[in-house]
Amino acid sequence: MMPPAALCVHLCIGQCYAFSVFNIPMTKLLGISAAPPPGGWNLDKLATIPSAPGDWTLPELGWIFSIAIFVLGMAAASLGRWVEQSGPRAAMFTAALCWSCGFFISALGAFVHNIWLIYFGYGVIGGIGLGIGYISPVSTLVKWFPDRPGMATGMAIMGFGGAALIASPLSVWLMRIFTTQNHIGVAETFLVMGVVYLLYMMVGAWIVRIPPADWKPSGFVASKASALITDRHVFVYTALKTPQFWLIWWILCLNVTAGIGVLGQASAMSQEMFPNHVSTVAAAGFVGLMSLFNMGGRFFWSSVSDLIGRRNTYTIFFVLGALLYAFVPMTGEIGNVVLFVLSYALIFSMYGGGFATVPAYLKDMFGTRFIGAIHGMLLTAWSVAGIAGPVLVNYLREYNVTHGVPKAESYNSTMYIMAGFLLVGFFCNLFVRPVHERHHMAADESVPKPAEVQVE
């Protein structure tokens with residue numbers, strides 16, 4: 001029951017990947033009351049209708065997602081130790097309250113047309129719920145599945161990658177129900193989703209359990225510690241002083257920067273690179289397909305890492321990923337949509353796989369005792385990548401188009417830069433070595449008090 005408990009949380013907080021479905025409707029909130037067209041508003045045609053004076057712009061709304069992802073990493077880093085001490089039930093309960101309250105505050109912001117309330121509600125309060133909820137089941141799953149830690153975390157984290165497949169149509173369906181001739185039902189949709197997510201996440205908090213001390217599954221035979229898999233433990237703040245932590249930090253940051261930058265532009269990119277072959281409907285289908293590979297890759301690659309090792313798995317990510325990013329512009333030049341889709345399917349499977357494999361990588365390096373807190377610290381890499389990736393893609397494309405580069409070729413330089421990032425990640429992964437024994441805790445050592453933690 002532990003993977004379903006984790007999925008109850010991750011299938012809810014993963015809604016953030018589908019938040020873009022609200023962007024166009026939220027640019028028309030004032031336009032609804034100012035000039036409704038004959039017969040009322042059609043959600044499918046909102047993009048073609050000019051916004052009213054004072055309505056929010058897409059760049060303003062784009063900050064909602066960026067703030068939420070940034071706060072996710074900061075909350076995971078600052079509250080990871082509390083999550084370890086309080087246990088998964090308290091953490092999931094707190095995450096449910098924060099995530100649902102973020103929707104409730106955002107509903108008020110949409111109703112009174114105050115974007116700062118949405119920044120605070122969804123971005124800050126919801127972002128705290130994202131951070132706590134994301135790391136809350138990790139340590140517990142690793143302890144329940146000591147023989148397959150990659151598979152265990154992959155089962156939970158794949159819910160985060162695939163949640164958009166549920167949240168996107170649910171959001172559109174709810175908005176259709178609440179939209180009237182003079183009103184788009186964004187605020188009501190936020191309220192309903194806040195209630196649904198609160199109840200569903202509470203189920204996860206109710207059924208989650210931690211294993212007894214030193215629990216092992218029936219027939220379990222512990223594998224011998226190898227060069228890159230320790231059977232010792234490293235205290236969370238000691239881990240921050242090791243080169244291994246910062247190498248893995250850059251591994252995650254570079255992998256996510258490359259993936260998340262194009263994730264938000266996948267629809268526009270497919271239409272601009274193949275203007276006569278990819279329609280708006282086909283582009284939406286392409287984004288849905290990428291979500292499936294993002295989700296499936298989290299389970300597949302994390303399970304593979306249990307067989308071939310974490311460093312070998314990331315080597316595949318960086319080498320194959322760099323080749324695919326460099327190959328994407330060629331698919332546009334030859335006009336081959338099939339190769340374009342296949343390339344991105346593999347890219348997004350490895351993007352998702354990177355998220356799911358990294359907790360097991362940390363477990364191999366630092367042991368299981370403080371894995372949740374260390375994982376929380378590492379997610380600051382996601383905060384940085386969540387801003388750097390989209391900014392690079394958006395501004396490089398804008399620069400290219402402004403300087404006369406055709407839209408079909410405007411992403412080429414971006415793809416080459418992302419390939420370069422992955423090559424840097426390859427060398428970071430290559431330099432990972434076992435944690436020096438001086439950082440290991442003794443078998444009977446208690447957790448150091450804050451005053452006893454020495455900073456080197």
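Ile-64 counts as buried, because its relative accessibility is 0% (buried is under 20% relative accessible area, exposed is over 50% and partly exposed is in between, using a 1.4 Å probe and protein chains only). This residue is part of helix H4, which covers residues 58-86 (helices are DSSP runs of H or I with at least four residues, strands are E runs of at least two, and both are numbered from the N terminus). Leave aside the neighbours within four places in sequence, and Ile-64 is in contact with Phe-19, Met-26, Ile-118, Tyr-119, Tyr-122 and Gly-123 (contact means heavy atoms within 4.5 Å). Take Gly-123 from that list: it sits 59 residues away from Ile-64 in sequence, yet the two C-alpha atoms are 5.5 Å apart in space.

A quick word on the ground rules: this is a predicted model, where local features need pLDDT of at least 70 and side-chain atom pairs count only at pLDDT 80 or more, while totals for chains, interfaces and linings use all residues. Residues are numbered from 1 along each chain as its sequence is written, and side-chain values use heavy atoms, with hydrogens and water left out.

## The whole chain

What is the chain built from? It has 19 helices and zero strands. Of its 456 residues, 53% count as buried. Look at contacts between residues at least 6 apart in sequence, and 84% of them join residues at least 24 apart.

## The start of the chain

Met-2 belongs to helix H1, residues 2-13. With a relative accessible area of 10%, Met-2 is buried. Setting aside neighbours within four places in sequence, Met-2 is in contact with Leu-141, Trp-144, Ile-207, Val-208 and Arg-209. Met-2 also pairs up with a residue from another part of the sequence: Gly-204 is 202 residues away along the chain, with a C-alpha to C-alpha distance of 8.7 Å.

## H12 and its two partners

Helix H12 runs over residues 243-263 and packs against helix H16, residues 337-366, at an angle of about 160 degrees, with the axes 10 Å apart (axes are lines fitted to C-alpha atoms, for helices over the stretch in contact, and angles between N-to-C directions run from 0 to 180 degrees). H12 and H16 are therefore roughly antiparallel (over 145 degrees; under 35 is roughly parallel, 65 to 115 roughly perpendicular and the rest oblique). Their crossing is left-handed, meaning that the near helix is turned anticlockwise from the far one by less than a right angle, whereas clockwise would be right-handed. Residues of H12 in this contact include Phe-245, Ile-248, Leu-252 and Gly-259, and those of H16 include Phe-348, Tyr-351, Gly-354 and Phe-355. By class, the contact of H12 with H16 has 18 nonpolar, four polar and no charged residues (Ala, Val, Leu, Ile, Met, Phe, Trp, Tyr, Cys and Pro are nonpolar, Asp, Glu, Lys and Arg are charged, and the others, Gly among them, are polar).

H12 has another packing partner in helix H19, residues 412-430: these axes come within 9 Å and cross at roughly 160 degrees. That makes H12 roughly antiparallel to H19, and the crossing is left-handed. From H12, the contact involves residues including Leu-247, Trp-250 and Leu-254, and from H19, residues including Met-415, Phe-421 and Cys-428. The contact of H12 with H19 splits into 12 nonpolar, four polar and no charged residues.

Helix H5 packs against helix H10 (residues 186-207) at about 175 degrees, with the axes 8 Å apart. So H5 is roughly antiparallel to H10. Their contact counts 23 nonpolar, four polar and one charged residues.

Most residues other than glycine have a negative phi. His-113 is not a glycine, but its phi is positive, about 60 degrees.

How many of the eight residues of H17 (residues 371-378) are buried? Eight of the eight are, so H17 is largely enclosed by the rest of the structure. Among them are Ile-371, His-375 and Met-377.

Thr-380 lies in helix H18, residues 380-402. At 16% relative accessibility, Thr-380 counts as buried. Beyond neighbours within four places in sequence, Thr-380 is in contact with Gly-73, Met-74, Ala-77 and Trp-249.
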